Amino acid sequence: MYILDTSVLLFGLVRDNFEEYITVEEVLHEMKRKSYNVKMLKVYTPSRKSIEKIEKYIRTSGDSLSITDKKILALALDFDGTILTEDYDIQNVAKALGIKFRSIITEGIKEVYKWKKICKGCKREYPVDYKGRCEICGSDVIVVRDRA
C-alpha cells in the first residue's frame with residue numbers, strides 16, 4: 001500500500017493502478033486547482049492515535065509539518081504503508097519514526113535532522129515551540145538544524 005503526498009501527484013508520477021494508492025482528504029484539496037484526475041484515489045482519515053503519535057514526536061524534534069503532512073504520516077502508521085513523497089520534512093519524520101517512505105525523483109534524505117530555535121542576535125536557545133522575539137536582545141528567533 002502506498003500513501004501519496006501532494007508532491008508526487010504534482011509531478012504526475014502516478015499514472016495508473018490506483019488500487020495500490022491511498023491518500024488523505026487534504027491532498028485532494030491541495031490538488032483541486034490542478035489538472036490531475038485524483039477522483040480514483042481512495043481517501044482515508046487516519047486514526048487519532050496515529051496523529052497524536054506524530055504530534056508528540058514533532059513537539060520535541062522541532063519539525064514543522066502541515067496538517068496534511070501529519071495526516072499522511074499517521075495514515076502510513078495505520079496502514080503500515082510506504083509514503084511516496086518528495087517532501088524532505090515528511091521524509092525526516094518518517095525516517096525518525098521508522099515509517100517507510102520512498103522518493104521518486106530525488107535521492108531523498110540520508111539522515112534524520114533535529115531542529116532547535118535560537119536568537120539570531122545573541123544565540124540564546126529557546127524551546128522548539130517558542131513563539132516571539134528574543135527576550136534578551138529583541139532579535140528574531142529562528143529555526144536551525146541542531147548539530148548535537
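Q: Taking helices (H or I, at least four residues) and strands (E, at least two) as DSSP runs numbered from the N terminus, what pattern does the chain follow along the sequence?

A: Read along the sequence, the pattern is β-α-β-α-β-α-α-β-α-β-β-β-β, and the chain has five helices and eight strands. This is a predicted model, in which local features need pLDDT of at least 70 and side-chain atom pairs count only at pLDDT 80 or more, while totals for chains, interfaces and linings use all residues. Residues are numbered from 1 along each chain as its sequence is written, and side-chain values use heavy atoms, with hydrogens and water left out.

Q: OK, which strand order does the open sheet of five strands have?

A: Its order is 3-2-1-4-5 with parallel pairing, where two strands pair if DSSP finds at least two bridges between them. Strand 3 (42–43) and strand 5 (100–102) stand at the edges with a single partner strand each, so one side of each has no neighbour in the sheet.

Q: And how many bridges pair strand 2 with strand 3?

A: Strand 2 (residues 21–23) pairs with strand 3 in the parallel sense over two bridges, and I22 stands opposite K42 in strand 3.

Q: What about the open sheet of three strands, is its pairing parallel or antiparallel?

A: The pairing there is antiparallel, and the strand order is 7-6-8. Strand 7 (125–126) and strand 8 (141–145) are at the edges, each with a single partner strand, so one side of each is left without a neighbour in the sheet. Strand 6 (residues 115–119) is joined to strand 8 by five bridges, and the two run antiparallel; K117 stands opposite V143 in strand 8.

Q: Switching to helices, at what angle do helix 3 and helix 4 pack?

A: Helix 3 (residues 48–61) and helix 4 (residues 67–79) pack at about 125°, with their axes 8 Å apart; axes are lines fitted to C-alpha atoms, for helices over the stretch in contact, and angles run from 0 to 180 degrees between N-to-C directions. That makes helix 3 oblique to helix 4, given that angles under 35 degrees count as roughly parallel, over 145 as roughly antiparallel, 65 to 115 as roughly perpendicular and the rest as oblique.

Q: Which residues in helix 3 meet helix 4?

A: S50, I51, K53, I54, E55 and I58 in helix 3 meet K70, K71, L73, A74, L77 and D78 in helix 4, contact being heavy atoms within 4.5 Å.

Q: Is S50 buried or exposed?

A: S50 is buried, with a relative accessible area of 9% (buried is under 20%, exposed over 50%, partly exposed in between, with a 1.4 Å probe and protein chains only). Leaving out residues up to four places away in sequence, S50 touches A74, L77 and D78. For the chain as a whole, 41% of the 148 residues count as buried.

Q: How do the axes of helix 3 and helix 5 cross?

A: The axes of helix 3 and helix 5 (residues 88–97) come within 11 Å and cross at roughly 100°, and the two helices are therefore roughly perpendicular to each other. In that contact, I54, Y57 and I58 in helix 3 meet V93, A96 and L97 in helix 5.

Q: Last one, which strands does helix 4 lie across?

A: Helix 4 lies across strand 1 (2–4), strand 2 and strand 4 (82–84), and runs at about 165° to strand 1.
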